[in-house]
Amino acid sequence: MKHKGINQEKVKQTNRLVVLRQLCTHMGISRAEITRRVGLNKMTVTNIVGELLERGLVREQVQPHDRRSGRPRMGLFLTGQTPLFMGFWLSRDFCHGALVDMNLALLADERIPLGPSETPTTLTGRLTRLARNLLACSSRPVIALGIATIGPLDAENGLLLDPPNFFGLGQVPLGPELARDLELPVFIQNDMNASALAEKYFGLGADTANFAYVGLTNGIGAGMIVNHGLYEGTGGFAGEFGHVVIDRHGQRCHCGNRGCLETLCSVPAILTQFERRFGQPFSSLRQAVDFSAGQPEGYRLLQEACQALALGLVSLCNIMDPELLILGHEGADLPDELLEEMAGAVNRSVLGRRSPPILLRRSGFGALAPLYGAGMIPLRQLLEGGLDYQRFFPE
């Protein structure tokens, strides 16, 4: 194994970015709180905060009295001089775009439908127009675009490869085309991974080392945080949770296998069951859930889908040993009692039954976790030193 030293400039950059992350994820945090949370000495934190105050990127504000000392404390807030980020959530049916600030607050958003007439050219053209509409919503600089998208994809080269049921589109150079048209850096990521990142930086997983975000939508996927970092696998294809086979004699899946989890409890699979049973169309899982509130047979169909999902979650837990499961995308619309039933089923069946049990929670971002995740993609690049560092800490 080769061992490399860390030069002083790298240490300085790392410390600065650690402090900047605290300012992003904890509005109103004090210098003392930053010092406690990140383990740096008081003078280092004071110096870094001082740099940002001097450039007008951070402001101090008196906060309510500290109950322990009776003295007011000074909270730190990012100012309107900090840049914005743009995020696109690209699904099979629509693209939802948003502007977010460095606290991941949603400042403007717009959603456009997608249809069967799309070509690579029309898709990139429509996304470019969406981006320009959003750019016109603020005079603050927007420094990058993140795209949380269905897969499979080649994230390194910004390519949408060959998503199933996506109008036959494939090999779409989303990243290069939009970067050229908008003259902005563009980063793309699987929508499940992006959602997991939003949960890790700003959501339920902030203080959790190992958890999985599971999204229920047209397909089923998982974004996995392992030892506080995103697990992407060798080629970026980790987390294809919907293709866990739970019935080898079951329905043929578009991947070629039989009995994949997606064939039983993806949103289209659930809605198909509702339409067959009740003879009427259902446009969303939310509609099916609302309908089931007064319809025992509908509730039973939801319950069966959740039982199948719980079987898959047991396998996921046996593989990655998480502390927490977060259910999002349209899965965030499932009722509390079904989430409780799934949590119980998982903890009864997982190997090495533990105390405390594995938690199952609804995403704090609701069904919009991938939209916030899209904004998180470029923000993560900044906080990890891969984007616009000099804007904050010019030498």
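Residues are numbered from 1 along each chain as its sequence is written, and side-chain values use heavy atoms, leaving out hydrogens and water. Because the model is predicted, local features need pLDDT of at least 70 and side-chain atom pairs count only at pLDDT 80 or more, while totals for chains, interfaces and linings use all residues.

**Exercise 1. Find which strands pair with S13, and state how many of the residues of S13 are buried.**

Step 1: Locate the strand. S13 covers residues 324-329; strands (E, at least two residues) and helices (H or I, at least four) are DSSP runs, numbered from the N terminus.

Step 2: Check the burial. In S13, 6 of 6 residues are buried, where buried means under 20% relative accessible area, exposed over 50% and partly exposed in between, with a 1.4 Å probe and protein chains only.

Step 3: Look for partners, remembering that two strands pair if DSSP finds at least two bridges between them. S10 (residues 211-216) pairs with S13 in the parallel sense over 6 bridges, and Ala212 stands opposite Leu325. Strand S14 (residues 359-362) also runs parallel to S13, joined by 4 bridges; here Leu324 has Leu359 as its bridge partner.

**Exercise 2. Describe the surroundings of Asn15.**

Step 1: Asn15 belongs to helix H1, residues 8-25.

Step 2: Classify its accessibility. With a relative accessible area of 19%, Asn15 is buried.

Step 3: List its contacts (heavy atoms within 4.5 Å). Beyond neighbours within four places in sequence, Asn15 touches Leu40, Thr44 and Ile48.

Step 4: Pro268 is 253 residues away along the chain, and the two C-alpha atoms are 47 Å apart.

**Exercise 3. Work out the geometry of the Phe166 and Phe167 pair, then look at other rings.**

Step 1: Recall the criteria. Rings of Phe, Tyr and Trp (its six-membered ring) pair if their centres lie within 6.5 Å; planes under 30 degrees apart are stacked, over 60 edge-to-face, and the rest tilted.

Step 2: Apply them. The structure holds 8 aromatic pairs. Phe166 and Phe167 form a tilted one, at 5.3 Å centre to centre with 35 degrees between the planes.

Step 3: Compare accessibility. Phe166 is buried at 1%, whereas Phe167 is partly exposed at 28%.

Step 4: Phe274, Phe278, Phe282 and Phe291 form one aromatic cluster.
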